[in-house]
Amino acid sequence: MFVKTHLGYRTSSNMRAARIRSIPMETISCCPICNIQVLTVELEWHANSHFDDDQLQRDMELAHQMAIAESSTNTMNDPKRYSGSLTSDSNTLGATSSHSGYSRHHSELLEEQISCLVRAQIQSEVQEVEGGIMSLLRSCLESEDGPSTSMISCYIDHHQSLSSEDMGWGCGWRNIQMLSSHLLKQRPEAREVLFGGSGFVPDIPSLQRWLEIAWDKNFDTIGSSHFHNEVYGAKKWIGAAECATLFRSFGLRARIVDFDSTESSDLQSKNGSRAASQVRGPMDKFLIKNNSPKSSSELCREDAESMRGQQALVDWVWNYFASGRSDRLATQRVTVSNKTPLYFQHQGHSRTIVGIQKKMGHRGFQEQYTLLILDPGHRTADLERSLRSKKGWQRLVKRGVHTLRKPQYQLCYVDPGIANSEEMEQLKIIADNLLLFGRPLKNPDCFHTEPAS
């Protein structure tokens with residue numbers, strides 16, 4: 001996001017680095033002119049600033065909103081604020097009361113932090129596409145030559161990475177923004193709970209705050225330790241687990257499917273032959289891989305298994321979108337699914353799968369599948385131009401099975417509904433759906449998974 005100041009242009013992330021960090025938490029008042037929340041002690045200054053240079057005033061407004069949000073975090077991280085209360089509890093009521101007091105105090109501070117973030121978070125800027133990206137994609141798919149059938153999501157906004165903000169590390173956050181745009185538009189229950197009911201997609205720094213809050217609520221404690229429970233303001237890569245953690249913290253039923261064709265020590269049978277490659281869980285990255293030299297026959301076998309693994313992934317994606325298809329929105333060639341887009345993670349990058357196309361086989365050839373993908377690394381303007389002109393869009397959107405060369409892939413999707421309190425506790429543990437490579441899914445209802453994860 002760019003903010004125009006009297007000195008020129010700079011990014012909102014740079015402004016955050018310069019925000020005031022020592023302002024104590026005071027009563028917050030509402031400006032009678034613009035209705036923005038500000039510190040009471042600065043209300044007069046804020047109101048007067050409306051009569052100064054407009055651009056400078058907007059810049060200062062943003063800085064003060066960030067100061068409000070930061071003051072809450074400083075309170076949360078200040079050990080003195082904890083120790084005074086807890087020491088008193090410990091001396092008077094003992095260890096049990098101390099723990100109860102700590103939990104109560106922690107809960108109050110967390111609620112205060114959330115309240116401040118809801119007011120201070122900033123909406124992510126996104127380039128509006130007249131008619132919508134998915135409508136343009138649907139038109140392109142329907143106008144293609146040759147027999148084909150496509151399944152696509154209903155709605156999504158394309159959020160692109162910016163060289164001045166997140167190029168090279170922010171793809172995961174941009175895909176979360178894309179998935180959020182779908183949820184806010186298509187799922188009324190999600191709109192009510194996501195990002196404090198704000199109704200908009202927050203920018204990356206605000207999303208980083210929300211992820212830290214999810215960790216503070218004890219969602220994915222193992223994953224949070226990898227980041228030392230801090231991600232705000234850092235250029236850290238995230239993955240499908242962080243995507244699921246963020247959405248689960250709002251009560252959404254985010255699920256992960258893990259596809260892994262790598263050979264690991266626990267997949268060896270007693271006679272030394274390798275067991276079938278499997279779709280496995282997030283903990284597989286901690287397994288010791290077998291790096292012994294392989295013969296040409298073993299390499300050929302691995303290539304064959306890799307192809308089966310690629311086909312297993314596209315079969316899963318096809319059945320996923322097909323399980324939520326709406327005949328009401330279907331045409332002869334394109335069916336709109338009510339399923340969410342898929343957060344698509346592999347080593348070094350992540351993208352968003354918005355659909356899948358199947359071209360009919362002929363003269364003995366089997367059907368060919370192509371993933372339909374939105375990449376945050378592409379410019380929205382280029383994507384819109386190619387889709388609208390129906391020229392070159394395939395290069396930006398289509399990815400065939402032969403391009404799936406990575407040994408591991410993860411998908412994250414969101415099931416309908418809001419979790420109850422008991423289910424919320426189960427959702428705090430990030431687990432995957434375990435499937436066998438090469439075994440096609442025959443039952444579409446498999447996507448309506450158990451509440452646990």
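Tutor: Start with Lys 428 and Glu 425, whose side chains meet in a salt bridge at 3.0 Å, N to O. The model is predicted: local features need pLDDT of at least 70, side-chain atom pairs count only at pLDDT 80 or more, and totals for chains, interfaces and linings use all residues. Residues are numbered from 1 along each chain as its sequence is written, and side-chain values use heavy atoms, with hydrogens and water left out.

Student: Why is the contact of Lys 428 and Glu 425 called a salt bridge?

Tutor: The term asks for a side-chain nitrogen of Lys or Arg within 4 Å of a carboxyl oxygen of Asp or Glu. Lys 428 and Glu 425 have N and O at 3.0 Å, so the pair qualifies. In general, side chains of opposite charge can pair when their charged atoms come close.

Student: What makes Lys 428 buried?

Tutor: Buried means under 20% relative accessible area, exposed over 50%, and partly exposed in between (1.4 Å probe, protein chains only). Lys 428 has 19%, so it is buried.

Student: Where do Arg 388 and Glu 384 lie relative to each other?

Tutor: Both are in helix H12, residues 380-389. They are four residues apart there, so about one helical turn separates them. Helices here are DSSP runs (H or I, at least four residues), numbered from the N terminus.

Student: What makes Arg 379 and Asp 382 a salt bridge?

Tutor: Their closest N and O atoms are 2.9 Å apart. Arg 379, at 45%, is partly exposed. Asp 382, at 28%, is partly exposed too.

Student: How many salt bridges does the rule give?

Tutor: The count comes to 11. A network of salt bridges links Glu 165, Asp 166 and Arg 174.

Student: Is Cys 243 buried or exposed?

Tutor: Cys 243 is buried, at 0% relative accessibility. Cys 171 is buried as well, at 14%.

Technical notes: Helix = DSSP H or I, 4+ residues; strand = E, 2+ residues; numbered from the N terminus.
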